[in-house]
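Student: I have a structure to go through. Can we take the terms one by one and test each against its cut-off?

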Amino acid sequence: MEKPVLYIVVPCYNEEKVLPITSKLFLKKLKQLIADKTIAEGSRILFVNDGSKDTTWEIIQGLAKSDSHYQGICLSRNRGHQNALLAGLIESKDLCDITISIDCDGQDDVNAMDEMVKAYLNGADIVYGVRNNRDTDTKFKKLTAEMFYKVMIKLGVETVYNCADYRLVSSRVLTEFVKYEEVNLFLRGMFPLIGFNSTCIYYKREERIAGTSHYPFRKMMGLAINGITSLSVKPIRWITYIGGASLVLSIWGIIWAMWNAILNKTVSGWASIICIVCFMAGIQMVSLGIIGEYIGKIYLEVKRRPRYCIQEYTYK
């Protein structure tokens, strides 16, 4: 079997503090894999600048000039982590045999790539990098992350527990993946849908090497909502169930009111009316919000706008 060409895809957004450090780690690992004759000499590291407002793109350009193993593409504006990662995967699809996507912050163990490539050579087309602990996370982040994965599984979304976007994907999987044309992306839930042989490797997640996290709680919640509404219709079904339960309660309430009216036991019921009205109004507003999320997704999908636009390459 010929040695595969590997592209390490690294999305970057305002990473001027950490990129000079992690880029060396990525290059060292790439050259080690080449020296071990595990991958081909034509393997590369592809940085995707996601509309950074600092000097990230200038650093990527400098890296590309310093070593041919570095390459970079610059998106025309900030499109978010998932779209930036998608851009790197699609752009490298026809240039390599396998891709490994990894964040720029240095939290994911680059040495896990050895096991990923080995698993590919043994027949796996997708290899998920799974964190075997979250000791570096705060208690709040650990709790919310665990809840997120459990909720996703309960909602019927196929996802790998404690796996983010550190994964190996073969080019033939990416060839099938481009047929999934939705605009609302949740990649960690989409790759399991494709199928093919897959496996997991486990690693310890470290603290961020430098800089600050670009995934605060607000963005994590947005990603969770996007993942749920993009890959599951169960919240809509829940609205139907809640509506049915509310109807049963309403019928019971009507019977109760009529019975008391017949027996002349009716009394002024301001408090009970207010409670019922507020309860029903709350259910209606939440239901409208969930329906609105799905309608918004449909609105964005039918426009068929491009998911990213590339402004500049370092290698073309």
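Student: In which helix does L187 lie?

Tutor: L187 lies in helix α7. Helices are DSSP runs of H or I with at least four residues, strands are runs of E with at least two, and both are numbered from the N terminus. Before we go on: this is a predicted model, where local features need pLDDT of at least 70, side-chain atom pairs count only at pLDDT 80 or more, and totals for chains, interfaces and linings use all residues. Residues are numbered from 1 along each chain as its sequence is written, and side-chain values use heavy atoms, with hydrogens and water left out.

Student: Why is L187 called buried?

Tutor: Buried means under 20% relative accessible area, exposed means over 50%, and partly exposed is in between (1.4 Å probe, protein chains only). L187 has 0% relative accessibility, so L187 counts as buried.

Student: What does L187 touch, leaving out residues up to four places away in sequence?

Tutor: L187 touches Q82, L85, L86, D165, R167, F177 and P192. Contact means heavy atoms within 4.5 Å. There is also a pair to look at: L187 and N83 are 104 residues apart in sequence, and their C-alpha atoms are 9.3 Å apart in space.

Student: What follows α7?

Tutor: G195 follows α7, and its phi is positive, near 95°. F196 has a positive phi too, near 70°, and F196 is not a glycine. Most residues other than glycine have a negative phi. F196 lies in the loop between α7 and β7 (198-203).

Student: Is F196 buried, partly exposed or exposed, and why?

Tutor: Its relative accessibility is 35%, so F196 counts as partly exposed.

Student: What makes N14 worth a look?

Tutor: N14 is not a glycine, yet its phi is positive, about 50°. N14 sits in the loop between β1 (6-12) and α1 (19-35). Its relative accessible area is 22%, so N14 is partly exposed.

Student: Where is A40, and why is A40 called buried?

Tutor: A40 is in the loop between α1 and β2. Its relative accessible area is 14%, so A40 is buried. Beyond its neighbours within four places in sequence, A40 is in contact with K3, P4, V5 and I34. A40 and P4 are 36 residues apart in sequence and 5.6 Å apart in space, C-alpha to C-alpha.

Student: How do you know that Y149 is buried?

Tutor: Y149 has 2% relative accessibility, so Y149 counts as buried. Y149 is found in helix α5 (residues 139-154).

Student: What makes a set of residues a nonpolar core?

Tutor: A nonpolar core is a set of buried Ala, Val, Leu, Ile, Met, Phe, Trp, Tyr and Cys residues joined through side-chain atoms within 4.5 Å. The largest one here has 36 residues, and V10, I45 and F47 have the most contacts inside it. Apart from it lies another core, of 30 residues, among them Y7, V48, L75 and V173. In soluble globular proteins, nonpolar side chains tend to be buried together.

Student: What does F47 touch?

Tutor: Not counting residues up to four places away in sequence, its contacts include V10, C12, L19, F26 and I73.

Student: Which residues form a nonpolar patch on the surface?

Tutor: W238, Y241 and I242 form the patch, with about 350 Å² of accessible area together. Accessible areas come from the Shrake-Rupley method with a 1.4 Å probe; for residues, only the protein chains shown count as cover.

Student: How confident is the predictor about the chain?

Tutor: pLDDT is the predictor's confidence in each residue, from 0 to 100. The chain has a mean pLDDT of 80, and 74% of its residues reach 70 or more.

How values were computed. Patches are made of residues with over 30% relative accessible area and no salt bridge: like charges are joined within 9 Å, nonpolar side chains (Val, Leu, Ile, Met, Phe, Trp, Tyr) within 5 Å. A salt bridge is a side-chain nitrogen of Lys or Arg within 4 Å of a carboxyl oxygen of Asp or Glu.
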